[in-house]
Structures are given as structure tokens and as C-alpha cells.
Amino acid sequence: MRIFVITSFFFMIFGKNLLAAEAGMPQLDPKYWASQAFWLVLIFTLLYLSISKFFVPKIRNSIDVRNSKIKDDLDEAKNLKDMSEKKLKEYESLIVNAKREVQKIYTDSKKKLNNDIQNKKKSVEKEIDDAVEKAQSEINNLKKNSIDDILKISEKMTATVIEEISGDKLNESSIKATISEVSKKKISNYL
Amino acid sequence: MATNPMHQFNVYRIGPEVKIAGIDISFTNSSLFMLLSAGAICIFLLLGTREKKLIPGKIQLVAEMFYNFIAKMISDTAGSKAKPYFPFIFSLFMFVLFCNMVGMFPYSFTVTSHIIVTLIMAMFIFVAVTIIGFIKHGFKYLKIFVPSGVPVLLLPLITVIEIISYLSRPVSLSVRLFANMMAGHTMLKVFGGFVISLGLLGGWLPLSFSVALTGLEILVAFLQAYVFAILTCIYLNDALNLHH
């Protein structure tokens, strides 16, 4: 479309002698056609030869080298990736195993500790019971002894008091009988 | 005469007149700019391949980009059978592109704006593709003119159309490039002339047009080189893989 507009533009301006090469288009002047053809063929042939024999192999070589390098690098990267994934899996299994072990150790030690505590508790309770029993028997002994002592002291005191008041000496056995009789009646109030 | 927009397309002799068997093959400004373009390509590719780094430098990157661009274009349009023709299409693309781009410099000459240059390239491609077709397929290559699946009644008409379209390939290929380059450069020159004739007061509008057109012309320069190369690939594809 553009060409059409421009060519019609030319026809308007140079319409009269457009096809006459001298005034219109130098392209249609055959004077140097042979020269242009000759130089075109010569130069293009040289260019083609230098490109096909020299430049294209060089560029192709450099592109091939790069592509093979990229391919190698990609392969290596894939290998490394596989390796690292393998390592990651190993690591994860290690972690899982370790967690399992930790759990086992934890439950085991918990059980053991519980048993220990139970045993200790039992032995301590037993000791306490023993100590309580011992103390109880000691107290009982003490009670028994103290009653006897009290009775003896009471007899002596009674004998001394009566002797002081009455001036008479009473029969020791009758005092003893009276004291034991009284103490049997009243002692329960103090024990 | 300097304001004549066609003046820039003049071909003139540089140096002595050379005649071989009565044919004038003197070195002209056209030859000079062909040489410059080819030289620029060689320098560019030399810089691009000088040090083969694993991580390419700027010029190496661009050179390899061109290489991959053409390689992809060929494999997309003509398939793997066209691989041996890669250097030719690469040279063709680079040559047309650099001629177009060198022509964008002010006061330079656009080699591809001459019908004779583009016609010779197009005729070479046409003849080469036809020969390749006959070598690969023998006389079966003539099947290209007889598309399959066409009603018998229409066959004579279609065949004639196919033959005409096949024969017009070099013309369309060469005229497309030539006309695009000539039209673009003439338009630039015309607008440049307007800038001068309208002066300081009114010259700004055509100047801004000129700037925009320069950008457009750079695009066209690339596009036409691409079109030239891809059409070559398509013709090559017809010759290599007989689809009809």
C-alpha cells in the first residue's frame, strides 16, 4: 500500500519522463548494469566463501561447545540433586529412628523411676511403722514402770505422812494393799 | 539537481574505466558500497568469533543471535533437509541487511535500491532452486505445477496459474526489495527537500516526518532482508520437500 502511494506520488511529480532513465530512475539506465552484476557476483561469492568456510564453522563450534557445556552442567546438577535428595531421606530416617529411641528411653526410664519411687516409699513406710511400733512399746513399758514407781512412791509417802501425823508406824503390807486398791480404782483417770 | 530525489541513486565510476570484451565493468560507487557492506559483515563476524567465550561478549552474542535466528528460520520453513544451504542463506541475509543498513547513512549509496542487483540475486535463487528441485526429484518436480486435490476440470487453469506464479517468483522477489528500498530513500529525500524549501518557519513538520521515517526505514531495512531470506527458504522448501 505504501509503495503504491509513493509510486503514484512519483507519477504525479515525474510522470512525464519516469521511464526515461536519464531524467527519472537511474536504476533503469543500463550503462553500469554489467559492472554492478560483475561486482555483485564477485563480492557476494567472496563473502559466501568466507562465511561458509570460516565464520559459520566458528560460530557453530562455539555454540556447540556452549550447549554441550550447559548439558553437562545440567546433568551434573541433576546428579547432585539426586544425591542431596538421597541424603535428605537418610537424614529424615535417622531423625525418625532417633525420635523413636528417645520415646523408648523416656518410657523405660519413667517406668523404672516409678518402680524405684514405689519401692522407696514402701521401705520408708515400713521403717516408719517399725519406729512407731518401737515407740509404742517403749511408751507402754514406760507406763507400766511409771505406775509401779508411782505406787512405790505413794506407799512411802503415805507411810511417812501417817507416821508424822499419828506417830505410829503402820503395817507396811496394809498400806500397800490400801494404795493398790485406791490406785486400781483411780489410776484409769490418769492414764 | 541536488534536490532531485532520484539523484541519490546515480551510479558513477570511481577510478579508471575497465572494459573486458567491450563490457564496462568499472569500479563504481555501487561496487564500493557492496565492498563496504561485505567488509562490515566480515569485521562484525570477525569480532564476533574472535574470542570464543563460554559466556559471550556483546558482539559475540549478536553474531550468535543472527546465526540462531537464521538457523531457526530455515528449520521452521524448510526443515532439516535445508541445513546444507545454511551458509548461503546466512550470507544472503547478512548481505541484504548490511546493504540496506549501510544505505541508511546519509550520503551513502543503497546497493539494494537497484533493480539489477536484486534481480541478479533473485534470478540466481530461482535458477538454483529449480536445479535443486530437478536434482532431488527428477521430472517429478514438475508436479509442483499440478496441485493435488483439484477437480480435473479446473486443472488446466490451475496449472497455468501455478506456472505463472512460479515464473514470477524472481520478479516479485527482486522488485519487492528494490521498490521498498527505493521508495523509502526517495521519500526521505523528498521530505528532506521540503525541510529546506519550507525553511525555518515551516520546515519543522517535514523534519519530524523525516525523523519518524528514518526509524521506519531502519525497520524496513531489516524487514526486507528478513523477507528476502525467508522467501528463499520457502522456495527452497518447495524444491526439497515436494508437497503437492
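What percentage of the 244 residues in chain B is made up of buried residues? Select chain B to begin: buried residues make up 35% of its 244 residues. Please bear in mind throughout that this is a predicted model.

**Stop 1: chain B as a whole**

Keep chain B selected and colour it by confidence. Its average pLDDT is 86, and 98% of the residues score at least 70. Where pLDDT is low, the predicted coordinates should not be read in detail. For the model, the scores are ipTM 0.87 and pTM 0.70.

Among the contacts in chain B with a separation of 6 or more, 65% are between residues 24 or more positions apart.

**Stop 2: helix α3 of chain B**

Select residues 86–102 of chain B, which form helix α3. This helix is mostly covered, with 15 of its 17 residues buried. At 1.5 Å a residue, the 17 residues should span 24 Å, and the end C-alpha atoms are 24 Å apart, so the two values agree.

**Stop 3: where chain A touches chain B**

Display both chains together. The contact draws on 32 residues from chain A and 40 residues from chain B. On the chain A side, α1 (2–14) and α2 (33–166) each supply at least two residues. The most comes from α2(A), which gives 25 residues to this side. Coloured by class, the side of chain A that touches chain B shows 22 nonpolar, seven polar and three charged residues.

**Stop 4: two helices side by side**

Finally, select α2(A) together with helix α1 (residues 29–50) of chain B; they pack at an angle of about 5°, with their axes 10 Å apart. Angles under 35 degrees count as roughly parallel, and α2(A) and α1(B) are therefore roughly parallel to each other.

Show the side chains where these helices meet. From α2(A), the residues include W39(A), L40(A), I43(A), L47(A), F55(A) and K58(A). Those from α1(B) include M34(B), L35(B), A38(B), I41(B), C42(B) and L45(B). In the contact of α2(A) with α1(B), 13 residues are nonpolar, seven are polar and one is charged.

Terms used: Residues numbered from 1 in each chain as written. Chains lettered and ligands numbered in written order. Predicted model: local features only at pLDDT ≥ 70, side-chain atom pairs only at ≥ 80, totals over all residues. Helix = DSSP H or I, 4+ residues; strand = E, 2+ residues; numbered from the N terminus. Expected span 1.5 Å × (residues − 1). Buried ≥ 20, exposed ≤ 12 C-beta atoms within 10 Å, placed from the backbone. Contact = placed C-beta atoms within 7 Å. Nonpolar A, V, L, I, M, F, W, Y, C, P; charged D, E, K, R; others polar. Axes fitted to C-alpha atoms, helices over the stretch in contact; angles between N-to-C directions. Parallel < 35°, antiparallel > 145°, perpendicular 65-115°, else oblique. pLDDT = per-residue confidence, 0-100.
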